[in-house]
Amino acid sequence: MQAIGYLSASHDQAIDLVEQNASFLHFCQTHGYQPTATFLDAEVSPSRPRPGLEQLLRHLRQESIGFTFLIVQSVRHLGLDATQSVRVALQLRSRGVQLISLEDGRIDDQALVDLWRRDQQLQPDAERRRQLQHDRAQRGQAIGRAPYGYAIDADGRYQIHDQEAFVVRRIFDLYLRESLGIRRVAQRLNGDGLRTRRGGNWSMISIRDLLLNPVYIGRYERLGVVVEGNHHAIVSEPDFLAVAQLMAQRRTAPGISQPSDFLLAGLVWCGEDQTRMIGVTRRQQWRRAAGEVASATYRYYQSEARTNQSVGSYHTRRADDLEREVLAHIRGERDGGERSILNFTHDATALAAETAVAVATAESHLRAIDRKLSQLLDDAASVEQDSVNIQQDGGRLVVEWESATADLARIRSHAVAHEQEAERRRRRELRLRRVRDDWDRLNFAQQRDLVEQLVDRVIVYDHAVTTQLKA
């Protein structure tokens, strides 16, 4: 059985994306699912699009998925509120997948109605719950999950979890006393079979965040409240400060390659496993037959999963080769660059007026659809029965929503394109001219800025490279 994971931030950030991914993989291993893809949204807000969810929906629409399960941490990770969560769940189910929540179990019609019913019951108490949380923070009591290394006692305070605290001290010792870098610390822990709380691999991000978390010296920081000496420390304050100082020194030490040293930093993605590829530098020394010591430095882009956790396949590409190929794509000297050109000549003033009316109409239509969905859920929640069926009527609303959303996106896209195309073309031609004519005279920062302005994404496959150029 195949499984796809969707990882998404939530309001309370109770479970970060690293832990969600570890939970997804652990669930698949435990229940015999074959993980085939993961999609993620690191930040969610009403004004921010959710590219991971959009990619997931496109993937389900374009691929022949067969009997596939989609696994999420919780139903609440699907949307910013109950209405949006239900709508997204209906969208996903309409693509033929079976939805499973790691916290809530199978997401069927009854589960969605129960979610709606709980949300409606909790809404009047929202302000009271916020005040209660603030009161807990003032008392230094736990809100949500305890950080790794601690448990929560009967009074709601942090108490040391002996087994996890041992790992915390081990991490500080490896970094501070054995002088291992963050990547090597993660590699050592994973190699020794030490796992995160949810049974996953340690990553560079989880190690870094742990080393910088003042909770381990007894300091409590939640909701803007800071309480010194709130609970027993796991590491000493001198060690904590020494780690922070050492980390700052390593970030700025000469000869240490930073992501900014790579021309394509943040732009390269692996086409095989859909993970970001990050710049990595390796230095090697060897002794020649004559006895003298030789050394060399190698720069390449490597799959982030492999770099952060020392797991996964070795999807790599030499940095110099990849950067030359992308430059050739930008200059049009080699096939592989993809770019769309827009050309409109309509009257700008008339277009702006037409666009404003069209956008207002489309947004009103979307609100009306959500009101229909809310009424459907209200009706279902008011019926006391063991089983309900909202997929059919809800599915029709989802189709209507997707059509209206696509219309709104097209309206906005065309309007923005009309407004910006002339200026964009002028600036782009200036940048292209600098890449073609002045490249070797530019410093690294100038070269990097040009690449960021011209390139949307570089996708690396085993035997090909595609450069997606900005229009």
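User: Which residues do ring pairs link into a cluster?
Analyst: Ring pairs link Tyr150, Tyr158, Phe172, Tyr216 and Tyr220. Rings of Phe, Tyr and Trp (its six-membered ring) pair if their centres lie within 6.5 Å; planes under 30 degrees apart count as stacked, over 60 as edge-to-face and the rest as tilted. Note that this is a predicted model: local features need pLDDT of at least 70, side-chain atom pairs count only at pLDDT 80 or more, and totals for chains, interfaces and linings use all residues. Residues are numbered from 1 along each chain as its sequence is written, and side-chain values use heavy atoms, with hydrogens and water left out.

User: How many aromatic pairs in the whole structure?
Analyst: The search finds eight. In one of them, the ring centres of Tyr148 and Trp202 are 5.1 Å apart and the planes are at 90 degrees, so that pair is edge-to-face.

User: Where do Tyr148 and Trp202 lie?
Analyst: Tyr148 is in the loop between helix H5 (126-138) and strand S6 (150-152), and Trp202 is in the loop between helix H7 (182-191) and helix H8 (204-211), so the pair ties together parts 54 residues apart in sequence. Helices (H or I, at least four residues) and strands (E, at least two) are DSSP runs, numbered from the N terminus.

User: Are Tyr148 and Trp202 buried or exposed?
Analyst: Both are buried. Buried means under 20% relative accessible area, exposed over 50%, and partly exposed in between (1.4 Å probe, protein chains only).

User: And what about the rings of Tyr158 and Tyr220?
Analyst: Their centres are 6.1 Å apart and their planes are at 40 degrees, so the pair is tilted. Tyr158 sits in strand S7 (residues 158-160) and Tyr220 in strand S8 (residues 220-222), 62 residues apart. Tyr158 and Tyr220 are buried.

User: Switching to charges. Which ring does Arg87 lie over?
Analyst: Arg87 lies over the face of Trp401, 3.5 Å from the ring centre. Likewise, the charged end of Arg457 sits over the ring of Trp269, at 4.2 Å from its centre. The test is NZ of Lys or CZ of Arg within 6 Å of the ring centre and within 35 degrees of the ring normal.

User: What is the order of the open sheet of three strands?
Analyst: The order is S11-S12-S13, with antiparallel pairing. Two strands pair if DSSP finds at least two bridges between them. Strand S11 (277-287) and strand S13 (316-318) are the edges, each pairing on one side only.

User: How many bridges between S12 and S13?
Analyst: Three bridges, antiparallel, with strand S12 covering residues 293-303. Gln302 has Thr316 in S13 as its bridge partner.

User: Where is Leu442, and what is it in contact with?
Analyst: Leu442 lies in the loop between helix H13 (391-437) and helix H14 (444-454). Its relative accessibility is 11%, so Leu442 counts as buried. Leaving aside neighbours within four places in sequence, Leu442 is in contact (heavy atoms within 4.5 Å) with Arg434, Gln447 and Leu450.

User: Last one, overall. How many helices and strands?
Analyst: The protein has 14 helices and 16 strands. Buried residues make up 40% of its 471 residues. Among contacts between residues at least 6 apart in sequence, 62% join residues at least 24 apart.
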